[in-house]
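This report covers confidence, selected residues, nonpolar cores and a surface patch. Please read it beside the sequence and the coordinates.

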Amino acid sequence: MAKPISIQVWNPSGKYRVVSTKSMPGDRWIRLLTDQDCRVEICTEEKTILSVDDILTLIGDRCDGLTEDWGEVLFSALKRAGGTSFSNMAVGYNNVDVSAANKYGVAVGNTPGVLTETTAELAAALSLTAARRIVEADQFMRAGLYDGWLPHLFVGNLLKGQTVGVIGAGRIGSAYARMMIEGFKMNLIYYDLYQATRLEKFVTGMLSSPFTSYGQFLQVNGEQPVTWKRAATMEDVLREADVISLHPVLDKTTYHLINKERLGIMKKEAVLVNASRGPVIDEAALVEHLKANPMFRVGLDVFEDEPLMKPGLSEQKNAVVVPHIASASKWTREGMATLAALNVLGTIKGYPVLGDPNSMDKFLDKSSPVPAACPSIVNAKELGLQISNL
Ligand SMILES: NC(=O)C1=CN([C@@H]2O[C@H](COP(=O)(O)OP(=O)(O)OC[C@H]3O[C@@H](n4cnc5c(N)ncnc54)[C@H](O)[C@@H]3O)[C@@H](O)[C@H]2O)C=CC1
Ligand SMILES: O=C(O)C(=O)CO
C-alpha cells in the first residue's frame with residue numbers, strides 16, 4: 001500500500017486535475033489554472049526530491065498534468081491516468097526522457113526566456129565573487145581575523161580590459177557576455193555551434209563597421225573599444241580567456257565538456273563559472289585542479305551529483321559554491337511557475353503552441369489577457385501539435 005503523500009488542494013471540484021510536485025512561488029499560476037476549471041493539487045511533502053513511488057502516488061489513477069524527474073515509468077503512469085501534459089519548471093530538460101513522452105503522446109513543456117537575465121546575473125555575480133575572493137574575505141572578517149589594511153590582503157583579479165570567455169552563447173550565455181562587456185569593459189571570445197550574430201552586433205555594430213556599437217560609445221568617450229571573437233575551437237576560449245562561463249545545454253556533446261585536459265590548458269589564474277548543469281564539468285578533475293592551482297578559482301551554481309558535491313570540493317577556498325539558485329529571483333520564479341502552468345493548461349485545452357520561445361512576455365504581462373496558447377512545448381513537432389504565430 002503506497003504511503004499517502006501530503007497535498008494542498010485548490011478548486012477541489014475542478015473538471016481537470018493538475019498536480020504540482022513542488023509548491024511554486026506566487027499564486028498567479030494557481031489562479032490561471034483554477035479559473036479554467038482545474039483542480040490543482042500541490043505536493044507539500046517536506047523532502048526536496050520525491051521518489052518515483054511518491055510521484056506515482058501523486059498521479060493516482062486520474063491526472064491531467066504536472067512538474068519533476070521523468071521517463072518511461074512516470075510517463076506511462078501519467079498516460080494510464082489519462083494525462084496528456086507535463087511541464088518542467090525550468091528551461092533545461094535533460095531530466096526528461098522526451099522519447100518516452102513522445103511514446104505516450106505526452107506534451108513536454110519548459111520555461112525559456114523568463115530566466116535569462118536572472119541566471120546571467122548570478123553567473124556575473126559568481127564571476128566577481130570568485131575573482132575578488134569575496135567569500136574568503138567575508139569569512140575572514142566574521143572570524144575576527146582582520147586587524148588592519150595590508151597590501152597583500154585577499155588580492156584577486158581585475159576584470160576591466162581582460163577577456164571574458166563564453167561557452168554556449170545562447171540566451172543566457174549572450175546575456176552574461178553583454179553584462180561582462182558592459183559592466184567591466186571586457187573583450188569577448190565565445191564558442192558555440194552557431195554564430196551569435198545578435199551578440200556580435202551588440203559589441204561591434206554592423207559587422208562591416210570599423211566601429212563597435214558599444215565599442216563606438218566607448219571610443220567617442222575616449223576609451224578603448226571592446227572587441228569580440230568567435231573561437232574556432234573551445235580550446236581557443238579556454239586558452240585565451242581570463243574568466244570563462246559555461247552556458248550550453250546538457251547533452252551527450254557537453255557531458256564532461258570541461259575535463260582534466262581542458263582544465264590544464266586554462267590560465268593558472270583563470271576564473272571558471274558554471275551556472276548551466278553540473279555534469280558539463282568533470283567535477284572530480286576540477287577538485288584536483290583546484291588543489292594543484294590555488295590561484296585558479298571557480299564559481300559553481302550546479303554540481304555533477306547534485307545535491308551532493310564531489311569529495312574535497314567544499315574544502316577548497318578557491319571555490320565559491322551556491323545551491324542551484326541562478327534563476328532564483330522573485331519575478332523569474334513566479335514567471336517560471338506561470339509558464340509551466342500555462343504549458344499544462346494550454347495542452348489540456350488543446351491550444352496551439354507559440355512558435356517563438358524567445359517571446360514569453362505576452363504570457364508574463366499581468367496587465368493583459370493571457371494568450372490562448374502554450375508558451376513552450378519541446379516535443380510539439382513530434383506530437384504534431386499546432387504552432388501559433390501569435
Ligand atoms: N543553474 C540554473 O538555475 C539554470 C541553468 N540553466 C541551464 O542553462 C542552459 C542554457 O539555457 P539557455 O541559454 O536558455 O539555452 P539556449 O538553448 O538559448 O542556449 C544553449 C546554447 O548552447 C549551445 N550548445 C549546445 N551544444 C553545444 C556544444 N556542444 N558546445 C558549445 N555550445 C553548445 C547551443 O548552440 C545554444 O546556443 C539550459 O539548458 C540549462 O541547462 C538555465 C537556467 C537556469
Ligand atoms: O531553468 C533551468 O534549467 C534550471 O536549472 C532552473 O532554474
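Ala-284 sits in helix α12 (residues 283-292). Helices here are DSSP runs of H or I with at least four residues, strands are E runs of at least two, and both are numbered from the N terminus. The model is predicted: local features need pLDDT of at least 70, side-chain atom pairs count only at pLDDT 80 or more, and totals for chains, interfaces and linings use all residues. Residues are numbered from 1 along each chain as its sequence is written, chains are lettered from A and ligands numbered from 1 in the order in which they are written, and side-chain values use heavy atoms, without hydrogens and water.

**Confidence.** The protein averages a pLDDT of 92, and 95% of the residues score at least 70. pLDDT is the predictor's confidence in each residue, from 0 to 100. For the complex, the predictor gives an ipTM of 0.99 and a pTM of 0.94.

Buried means under 20% relative accessible area, exposed over 50%, and partly exposed in between (1.4 Å probe, protein chains only).

| Residue | Relative accessible area | Class |
|---|---|---|
| Ala-284 | 39% | partly exposed |
| Tyr-146 | 40% | partly exposed |
| Thr-111 | 0% | buried |

Contact means heavy atoms within 4.5 Å. Beyond its neighbours within four places in sequence, Ala-284 is in contact with Glu-304 and Lys-310. Its C-alpha atom is separated by 8.9 Å from that of Lys-260, 24 residues apart along the chain.

Thr-111 lies in the loop between β6 (107-109) and α5 (116-131). Leaving aside neighbours within four places in sequence, Thr-111 has contacts including Asn-88, Val-91, Met-336 and Ala-340.

**Nonpolar cores.** A nonpolar core is a set of buried Ala, Val, Leu, Ile, Met, Phe, Trp, Tyr and Cys residues joined through side-chain atoms within 4.5 Å. The largest has 59 residues; Trp-29, Leu-33, Tyr-176, Ile-181 and Leu-188 touch the most other members. Helix α13 (residues 330-349) gives the most to this core, with eight residues. Apart from it lies another core, of 27 residues, among them Met-234, Ala-241, Ile-258 and Leu-313.

Which residues does Tyr-176 contact, leaving aside its neighbours within four places in sequence? Among them are Ala-120, Ser-127, Val-164, Val-243 and His-247.

**Surface patch.** Tyr-146 is placed in the loop between α6 (134-142) and β7 (163-167). With Met-141 and Trp-149, Tyr-146 forms a nonpolar patch on the surface, with about 410 Å² of accessible area together. Like charges are joined within 9 Å, nonpolar side chains (Val, Leu, Ile, Met, Phe, Trp, Tyr) within 5 Å. Accessible areas come from the Shrake-Rupley method with a 1.4 Å probe; for residues, only the protein chains shown count as cover.

Conventions: Patch = residues over 30% accessible without salt bridge, like charges linked within 9 Å, V, L, I, M, F, W, Y side chains within 5 Å. Salt bridge = Lys/Arg side-chain N within 4 Å of Asp/Glu carboxyl O.
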